[in-house]
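Colleague: I am new to this structure. Could you walk me through how to read it?
Modeller: Gladly; let us look together.

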Amino acid sequence: MALDSKVPKGPIKDKWTDYKNHIDLVNPANKRNIDVIVVGTGLAGGSASATLAELGYNVKAFAYQDSPRRAHSIAAQGGINAAKNYQGDGDSTYRLFYDTVKGGDYRSREANVYRLAEVSANIIDQCVAQGVPFARDYGGLLDNRSFGGVLVSRTFYAKGQTGQQLLLGAYSAMNRQIARGKIEMFNRHEMLDVVIVDGKARGIIARNLVTGEIERHSAHAVVIASGGYGNVYFLSTNAMGSNVTAGWKIHKKGAYFANPCYTQIHPTCIPRSGDYQSKLTLMSESLRNDGRIWVPKNIEDVKAIREGRKKPTDLSEDERDYYLERRYPAFGNLVPRDVASRAAKERCDAGFGVNATGEAVYLDFASAIQRYGKEQAKIQGIDNPSESKVYELGQAIVEAKYGNLFQMYEKIVDQDPYKTPMMIYPAVHYTMGGVWVDYNLMTTIPGCYCIGEANFSDHGANRLGASALMQGLADGYFVLPYTIGNYLSNEIRTGKIPTDTKEFDEAEKQVKDRIDFFVNNNGKHSVDYYHKKLGNIMWEKCGMSRNEKGLKEAMVEIKALREDFYKNVSVPGNANELNNELEKAGRVADFLELGELFAKDALTRSESCGGHFREESVEEDGPQKGEAKRNDKDFAFVSAWEYKGEPADAVLHKEELEFNDIELKQRSYK
Amino acid sequence: MNLTLKIWRQKDASSKGQMVDYKVTEISEHMSFLEMMDVLNEQLINNGEEPVAFDHDCREGICGMCSMYINGEAHGPDRGVTTCQLHMRMFKDGDTITIEPFRAAAFPVIKDLVVDRSSFDRIQHAGGYISVNTSGNTQDANATPISKHAADEAMDAATCIGCGACVATCKNSSAMLFVGAKVSQYALLPQGQVEAADRVKNMVAQMDLEGFGNCTNTGACEVECPKGISLDNIARMNRELMKAQLE
C-alpha cells in the first residue's frame with residue numbers, strides 16, 4: 001500500500017483553515033448515535049475524550065490506572081510551549097514551527113508541525129479558562145521561561161508540575177462529561193486487541209484488571225492514545241505501567257509503525273544507583289535555564305571526588321569544564337536534549353564522570369543563586385549585602401522556581417542541591433517514533449486513529465522541551481475532533497456495531513489463548529527477569545550511540561530472548577483475578593517484538609539524526625567536527641514498517657519528506 | 001539490611017484478610033520502599049508463591065497511585081513523600097515493618113494492598129470542574145489578570161495528587177482535605193466564581209454520600225499529606241459552603 005499523508009494543498013499557513021472549512025460535519029442529532037473508543041486518558045486521550053463527548057459523540061474511555069488522573073502525562077514537569085509572544089521577544093507561529101522542525105532535525109512532516117504551532121496559543125487560552133493555575137508575575141499576567149533549542153521565552157508553566165496541572169484540567173473536562181453520561185469511563189481496564197470488521201476498526205477487546213473478565217466493546221472509531229514505549233529499555237522515566245501494547249496490537253492488525261528508533265534520551269535525570277533500580281527520575285530541563293553543567297577539567301580531581309577526598313565545591317572556576325558552554329557558545333546549557341545528552345556521554349566515556357559508576361555530571365546552581373541574590377538585594381534596597389544575605393535571597397528565588405524538583409532530588413539522593421551541585425546523567429524519556437498517521441491522525445487502518453506520544457508525527461528525530469504537552473493537547477482538543485468528524489460523517493447510517501460477530505469471537509479467542517498460555521506456562525523466570533535483560537540489550541546496543549555491528553547483534557539477541565521468554569516465563573496466580581504479573585507478561589511480550597523492529601529500523605537508517613546517533617555518520621572535519629552527520633539525500637523520509645509476522649520480516653514503506661517552507665540545513669547550536 | 005515485613009494479604013474484596021510475615025535480606029539503604037517490595041515479590045515468585053499486589057505507577061511521587069500504610073502512617077515515616085519516594089535509609093537493620101492498605105469504608109480493599117478509590121472520582125464528577133467547552137474559543141489567556149498571590153495559592157491547593165493519605169490517616173476517614181483542595185483551587189480564581197455555590201454544595205453532598213466522615217480539626221491529614229496541602233483549605237471549603245447555603 002502506498003503511503004498517502006493526505007496533507008491538504010495550498011500555502012502552509014492556510015492548509016488547516018481551508019481543511020476545516022471543507023470537511024464534512026455530523027449534525028448533533030446524528031452524533032448521539034455514534035460511539036468512539038479512546039484508549040488512554042493522558043493529555044491526548046483525556047482531552048480527546050472530553051472534547052468528543054462535548055461535541056455529542058458517545059465516548060468510552062479506557063485507562064489501566066484506577067483513575068484517568070493518574071496517566072503519566074501527570075509527571076511532565078517543565079512546561080508547555082505556545083507562540084503567544086507575550087514577552088515580545090520576536091516569537092510567532094512561524095518561529096515555533098521553524099524551531100520544532102529544526103529541533104526535530106528535519107525529520108518531521110512540515111504541515112503537521114505548522115498546524116501544531118498554529119493551535120498552540122489556543123491551548124493556553126483553553127487551559128486558563130479551565131482554571132489551570134499557570135505561574136504569573138506580579139502584574140497578574142502569565143509568566144514564561146526558556147527551554148532548550150530555542151532563543152525565545154515561550155514556555156508556560158505551573159511550578160515544576162505543569163503536566164499535572166494540564167492533566168487535571170483535561171480530567172476536569174472529562175469529569176464534566178462523565179457526570180453528563182457522555183463519557184463512560186473504564187478504569188483498571190487494558191486494551192488487548194483491536195477488532196476489525198470489513199477493513200474498519202470497530203472495537204476492542206479489553207481485560208477488566210480487577211476481575212480478569214475479557215470484555216467486548218464496539219464503536220464506529222477507535223482512538224489510541226496510549227503514550228510512548230520508552231519502557232522497552234526497562235529503565236526509563238516512564239511510569240512502571242507505561243507500555244506499547246495498544247500501539248503494537250494495532251500494528252499487528254495493519255497499522256504501520258513509524259521510526260521506532262527515534263528515542264529521546266533526556267540529559268537531566270538522576271543517575272542510577274544499583275541493580276535493584278526500578279525506574280529513573282527526571283529533573284526538568286527547565287533547570288538548565290539556571291543550572292550550569294560541568295565536570296572537572298583534571299582527571300586527578302575526578303579521582304579525588306570519587307574517592308571522597310574532594311568535594312565539588314572545593315574546585316575553583318578554573319578547575320571546572322563547563323563543556324556545553326565551551327562547545328556550544330551560542331546556546332550553552334540550553335542546547336537541545338540530544339546534543340546535551342551526547343555531550344555528557346562523551347565526557348563520561350572519556351573518564352570524567354563524577355560518581356562511583358562514572359556516569360554522572362554536575363548541574364550547578366551556585367552562580368544562579370548569586371545572580372538572583374544580588375538582584376534581589378538591589379530590588380529590596382540592601383546596600384553592600386553580606387555573602388550570606390545574598391545566598392539567602394538567591395536561594396529563595398531558586399526555591400520558588402524549582403522547589404519541588406530540589407525536594408525530589410534531596411529525597412532520592414539524600415544530598416542538599418542548594419549546597420552541593422546536583423548529579424545528573426541521561427536517561428530514556430520519550431519516544432518520537434510511534435504509529436504512523438496521516439494528516440488526519442488516522443493510521444493505515446481506516447477508523448483507527450492515534451494521537452499524542454503514541455503516534456510519530458510532530459517531533460521528527462528529536463523532541464524539543466515543552467513540546468510533548470503541546471502536542472498531546474493539540475491533538476486531543478483541537479485536531480482530532482475535526483478530523484474524526486470528517487470520517488464519522490460517513491457513519492451516520494451504520495447503526496450500533498454488534499459485538500456478537502465472528503470478528504469479535506476471533507479477537508477474543510486470541511486474547512484468551514494468550515492469557516491461558518501465560519498462566520499455565522510453568523517456567524522458571526519472572527517477567528522482570530526478561531524485561532531487565534531486554535532493557536540491557538537496548539541500552540547497550542540501541543542507546544545513545546549505535547553502530548551496525550551492535551544493532552545486528554541486538555536483533556539476534558532479542559529474538560533469542562523472546563524465544564526463551566515463551567519457553568521459560570513464569571506467571572503466578574490466575575487469569576480471573578487482579579494479577580500484576582499477568583499484566584506485565586503481556587506488555588513485555590510486546591516489548592520483545594518491538595525491540596527487534598527498533599533495532600532493525602536503527603540499522604536501516606545509517607545516518608545520524610536527532611536522538612538517533614550512528615557512530616558511522618559523524619562530521620569528520622570543519623567547525624562541526626565530531627557532531628552528528630545527517631544525510632538528507634538518502635534519508636529524508638519517514639520509515640513506516642508493515643507487520644509481516646516476525647519483526648525481522650517487517651516491510652519498509654517510505655514517506656518522503658518534502659520541505660517547502662524551511663530550508664534543510666545543518667543543525668548548528670555553536 | 002535484613003528486615004521482617006508484616007503484610008496484609010487478602011485474596012479479593014469478599015475474602016477475609018490477615019497479616020503474614022516475610023523476611024527480606026540484603027536491602028540497600030538507597031532503595032525506595034517499592035523497590036524493596038519488588039525484591040520481596042521476585043523472591044516470592046521464585047519460590048512459587050503469589051506476589052503481594054500493590055498499586056504504583058509513576059514512582060516519582062506525582063501520580064498518587066501508591067498507597068501503603070506503613071508502621072501506622074500513610075506513606076510511612078518520612079514527611080512530604082509518597083510511598084514510592086520513601087527510601088530504605090529511613091529504616092534500620094533488624095526492623096520489623098508493618099504494611100497495610102489505606103483503610104476507610106469508602107476505600108474498600110480489592111486485593112492485598114490495593115484499594116478502590118473511585119469514590120474520589122465520583123466527588124470530582126459532582127463538581128470538580130469549570131463548565132467551559134474545550135473549543136479553544138475562549139478569551140485570551142491574559143485578558144483577565146489574576147493576582148500572583150491568588151494564582152500561587154490556587155496552585156498550592158491544586159497540587160493534590162488524590163492519593164487518599166488524608167482519608168487513611170484521619171480517625172474519621174474524612175475526605176475534607178481532598179475536597180477542600182479542589183474547592184479552594186476554583187474558589188481562589190475568577191474563572192471558578194460563576195458556579196462556586198453549586199460546586200461546593202454538590203461536592204460536599206457526594207462526599208457525604210460516599211461515606212466519608214467529618215473533620216474534627218485534628219490536623220493529621222495535613223501532617224501526612226505528601227504534597228503539604230494546608231488545613232486552610234478545609235476552612236475555606238466550610239466558608240464557601242456556608243456562603244452557598246445562605247445564598
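**Reading chain B**

Modeller: Chain B has an average pLDDT of 96, with 100% of the residues at 70 or above; pLDDT is the predictor's confidence in each residue, from 0 to 100. This is a predicted model, in which local features need pLDDT of at least 70, side-chain atom pairs count only at pLDDT 80 or more, and totals for chains, interfaces and linings use all residues. Residues are numbered from 1 along each chain as its sequence is written, while chains are lettered from A and ligands numbered from 1 in the order in which they are written.

Colleague: How many residues of chain B are in contact with chain A?
Modeller: Two residues are in contact if their C-beta atoms, placed from the backbone, lie within 7 Å. Here 67 residues of chain B meet 68 residues of chain A. On the chain B side, α1(B) gives the most, with 7 residues; helices are DSSP runs (H or I, at least four residues), numbered from the N terminus.

Colleague: Is α5(B) mostly covered or mostly open?
Modeller: A residue is buried if 20 or more other C-beta atoms lie within 10 Å of its own, with C-beta atoms placed from the backbone. In α5(B), 12 of its 12 residues are buried, including B:Phe178 and B:Lys182. Among the elements covering them are α2, α3 and α8 (232-246) of chain B.

Technical notes:
Helices (H or I, at least four residues) and strands (E, at least two) are DSSP runs, numbered from the N terminus.
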